[in-house]
Amino acid sequence: MFDIVQKNKTLVQIVLGLVALGLVIGAGVTGYSAMGGADGALVKVDGKSITEYDVQQATNGQPISNEMRPMVVEQLVQQRLVLAAADKLRLNPSTTQLQQAIAQIDAFHENGKFSAKRYQEMLAAQQMSPAMFEQRVRESIAARTLLGAYSVTNIVPQTTLARMARLVGERREVQATVLAPSTYVGQVAVSADEIKKYYDGHASEFKAPEMVRVEYVMLSRQQIAAQLPVSDADIQQYFETHRAELLGEQRDVAHILFEVPKDAKPDAKAKVRAEAEKVLAELKANPGRFAELAKQYSKDPGSAANGGELGVFGADASLVPPFKEAMFKLPKGQLSDLVETQFGFHIIRVNDIQAKSTFEQVKPQIVAKLQGEKAESQYRSQAQAFSELVYQKADSLKPAADEFKLPVQQSGWITRQGAQDAQLNNPKLAEAVFSDDVLKGKHNSEAVEVAPDVLVSARILEHKPAQQTPLETVRGDIEQRLKLEKATKLAAEAGAKQLAALQAGQAVELPWQPSRPVARLGEQGIDSATLGAIFHAPAGKLPAYVGKDVPGAGYVIYKVVAEIPAPPLSDEMALRMRQDVARTYGQVEVAKYIDDLKKSFKVEYRKAPADAGNPVE
C-alpha cells in the first residue's frame, strides 16, 4: 500500500472494506461467487463458500499466522452475513448514491475537485479497476446502511467522560536503571564439574549430525529447452499474438457505459442496448462528439464527467476480460462495437498507444517461451526414461549421464535436515540418500523432484556417522553460558534487594537514566503489570519505585518521579471521546446482530474458528 493508506482514511475504508463499527466489509468478497460450492470451502454462508482464496484476498496475499487465520475467516463470515442481509432488504445503493460517494473521497480530488485522472491513477496503483472499486463501494454503502443504526448512540454521562479523560490522559514521569547480567559476570565462577554436568545433561546439543556427500545427475526441463530450435516464423506469430504484453503497451482509453442492473429483465436490457446502439451510430457519424456524449449518457461515475476518459492501462491491468480484450484489439483512434460486460454495454475508444520495448528486445524472451512450451512434452517422456534408467542401472550414474548428456556433479555435506547446495536442499532428496538402499546398498537414489520439472538422482560418495562433539571443543561455550546464567540470577537478586531498600526509604546510589513520560495505555518495553504498578503508586507519595526482572536484559527498576495530570477535557476532546464510547457500544450491538444473522442464514464451518464460538454444523 502507498501513502493513501495513511492519508486518506475514507478511501481506505472502502478499498479495504473497513466499517467504522468495527466490522470488516468488502475485502475478499469478490472471490465468493467464483469459488462458491468448491470442495475447498472453509465455511459456507447461506450456501456460498468461503475458501482459502478468499482468505488470501482479504490479507492481500500476505502470510498470516495460525492464530490469526480463524479471526480472518470469522471476519469473512461476518462480511457475507451482513451483505446477504443487506441484499435481502434491498439496500443496494442507486447509481446517484454511488457517484456521490466516490466524488466525496478526498484522495481523488485535485484543486478541491474530483479528478478522473487521479481516480484512475490511484486505482491502477492498487491494481484495481474502476468496476472492482465501484462494486466494493456499493457493498460498503449497503453495509453501512444496514449497520448505521448501531452507531447513533450518544448517551454518555459527562461524569463518565471526565473520569475516562483523567484515566486515559494521565501520564507518569519515570527514570529507569538496569542491573545488567554482564556487570556481574566477573563475580561468578564455574567449576569443571559444573561444565561436565551441563555437557552430560545436554549431550544432544553437542552432537554433530550424520552427514553424507553425494555425486548426482540432474535432468530439468530448462536444460532440454535450451537445446531446442525455434523458427523465425514461430517467433513472429507469437509476437503478433502477444505484442501488447511483450512490448509493455500502454493504452490511453475512454469509454461510455450504458449500465444494465444485474437483475434487469430482458425488455429492460434490450431498451438499454437500443440506446447504446443509437449513440454508437451518432459517434460513427461524428467521432468528435465522444466527450460530449460520454458526459450525457455514460453511467460510469469515475469517467463520465471527464468525457469518458479512463486513463492509461497496460497489459497487466485488472479489467473485466471482455473490456480488456476489446481494448487491446482496437487500433488507435477507432471506436469499438458494443462491448457487453457484467456492468452493461460499453463503447470504447483508444486515444493513444505507446510501447516500452521493441521486437528485438523481446525476441530472446519469445524464444525462451517457445522453447519452454516445446520442452514440456519432451521433458515428460525423458523424465520417465531417466527415472527408469537410474533404477535399472542402479550401480552407477554414468549410464544416465551418457544417455541424457548430463554432467555428473558432486555435492557439499548433506544432513537429514538439509543440504549446503541450494538446489539439493530438499527433504525428499535427504530422505532418499539416507535410505538403507542408497546409504548401505550403495545404489542410485530414485529420481527425486527437487523443484518443479527438475529431477535428481544421487549416490553416496562419503558418509560420516553422527558424532558427539568432544567436551574440550565446547568447554569455553558452556563456561560462558553458565556464567551468564549465574550472573543473571545475581542481577535479579541484587535488583530485588535494591528495590526493597528504595521502597523502605533508604538511600541507594544508582545510575538513573534521564526521565521520560509514560502513558497509561501502553509503552514500548514496559509490560502491562509493571505499567499498572507505575500508575498504582500514590501521586502524593512520590518518588515511588517499581522493579521487574526482564529476561535477556536484567533487572530494571523504575523510579516514578512525578504525576503529569491529564489535560482539561475540551469540547472537541469530549465529542471525540463520546463518539469513541458510542462506537464501542455500537460494536457490542453489532456483535449481537451478527449472532442473530447466523440464525437467519445458515453458516457451516468445515472447522470452527477458535475464537468464534460457533459449533460445527
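**Aromatic pairs.** I searched the predicted model for aromatic pairs and found 10. I counted rings of Phe, Tyr and Trp (its six-membered ring) as paired if their centres lie within 6.5 Å, with planes under 30 degrees apart taken as stacked, over 60 as edge-to-face and the rest as tilted. I looked up phenylalanine 258 and tyrosine 297: the ring centres are 6.4 Å apart and the planes stand at 40 degrees, so this pair is tilted. Phenylalanine 258 belongs to strand E8 (residues 250-259) and tyrosine 297 to helix H14 (residues 290-297), so the pair ties together parts 39 residues apart in sequence. Helices (H or I, at least four residues) and strands (E, at least two) are DSSP runs numbered from the N terminus.

I then checked burial, where buried means under 20% relative accessible area, exposed over 50% and partly exposed in between (1.4 Å probe, protein chains only). Phenylalanine 258 is buried at 2%, and tyrosine 297 is buried at 18%.

For phenylalanine 386 and phenylalanine 404 I noted centres 5.8 Å apart and planes at 70 degrees, so the pair is edge-to-face. The pair joins helix H16 (residues 359-392), which holds phenylalanine 386, to helix H17 (residues 398-404), which holds phenylalanine 404, across 18 residues. Phenylalanine 386 is buried at 0%, and phenylalanine 404 is buried at 15%. I also recorded one aromatic cluster, formed by Phe108, Phe114, Tyr119 and Phe133.

**Salt bridges.** My search of the whole structure gave 29 salt bridges, each defined as a side-chain nitrogen of Lys or Arg within 4 Å of a carboxyl oxygen of Asp or Glu. Arginine 459 bridges to glutamate 215, with the closest N and O atoms 3.8 Å apart. This bridge links strand E16 (residues 454-464), the site of arginine 459, with strand E7 (residues 211-220), the site of glutamate 215, 244 residues away. Both arginine 459 and glutamate 215 are buried.

I next examined helix H17, where aspartate 402 and lysine 398 lie 4 residues apart, about one turn of the helix. Their side chains form a salt bridge at 2.7 Å, N to O. Aspartate 402 is partly exposed at 47% relative accessible area, whereas lysine 398 is exposed at 53%.

**Conventions.** Residues are numbered from 1 along each chain as its sequence is written, and side-chain values use heavy atoms, with hydrogens and water left out. As the model is predicted, local features need pLDDT of at least 70 and side-chain atom pairs count only at pLDDT 80 or more, while totals for chains, interfaces and linings use all residues.
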